[in-house]
Amino acid sequence: MAQEFATGGQLPEGASGGADESAHQDSSTRLEQFGVGVSASILLGAVVGVAATASVDAGGLPLLVALGIGFILSPLVGLLFLRRAE
């Protein structure tokens, strides 16, 4: 039976997902929102780090610090993006 489905056979009625499909789409959307928040935090850390490196004569240390803070805070920003989406 599994080979029939793998080779292009039709799924039996009710096996296409139904309610599970909408739950999957909801979790997928939530995961995307979280990912956007994480990415935004890391990108903001990098931008602030580059600006700080350009304005302060301290080598690459400000970039590393700002980017590190962006990585550390990224899960929190991801959760904030989830809250904002609800």
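User: Which residues form a nonpolar patch on the surface, and what is their accessible area together?

Analyst: This is a predicted model. The members here are L61, V65, I69, I72, L73, L76 and L79. Together their accessible area is about 680 Å².

User: In which helix is the place of L76?

Analyst: L76 is one of the residues of the nonpolar surface patch. Its place is within residues 61-85, that is, helix α3.

User: Does S41 count as buried or exposed?

Analyst: S41 lies in helix α2, which covers residues 19-55. The cut-off for burial is under 20% relative accessible area. Because S41 has 7% relative accessibility, it counts as buried.

User: Which residues does S41 touch, not counting residues up to four places away in sequence?

Analyst: A contact requires heavy atoms within 4.5 Å. With residues up to four places away in sequence set aside, S41 touches G70, L73, S74 and V77.

User: Which residue lies over the face of F81, and at what distance from the ring centre?

Analyst: For an Arg, CZ must be within 6 Å of the ring centre and within 35 degrees of the ring normal. The residue over the face of F81 is R84, at 5.0 Å.

User: How many helices and strands does the chain have, and in what order do the elements run?

Analyst: The chain has three helices and zero strands. From the N terminus on, the order is α-α-α.

Technical notes
Residues are numbered from 1 along each chain as its sequence is written. This is a predicted model: local features need pLDDT of at least 70, side-chain atom pairs count only at pLDDT 80 or more; totals for chains, interfaces and linings use all residues. Side-chain values use heavy atoms; hydrogens and water are left out. Patches are made of residues with over 30% relative accessible area and no salt bridge: like charges are joined within 9 Å, nonpolar side chains (Val, Leu, Ile, Met, Phe, Trp, Tyr) within 5 Å. Accessible areas come from the Shrake-Rupley method with a 1.4 Å probe; for residues, only the protein chains shown count as cover. A salt bridge is a side-chain nitrogen of Lys or Arg within 4 Å of a carboxyl oxygen of Asp or Glu. Helices (H or I, at least four residues) and strands (E, at least two) are DSSP runs, numbered from the N terminus. Buried means under 20% relative accessible area, exposed over 50%, partly exposed in between (1.4 Å probe, protein chains only).
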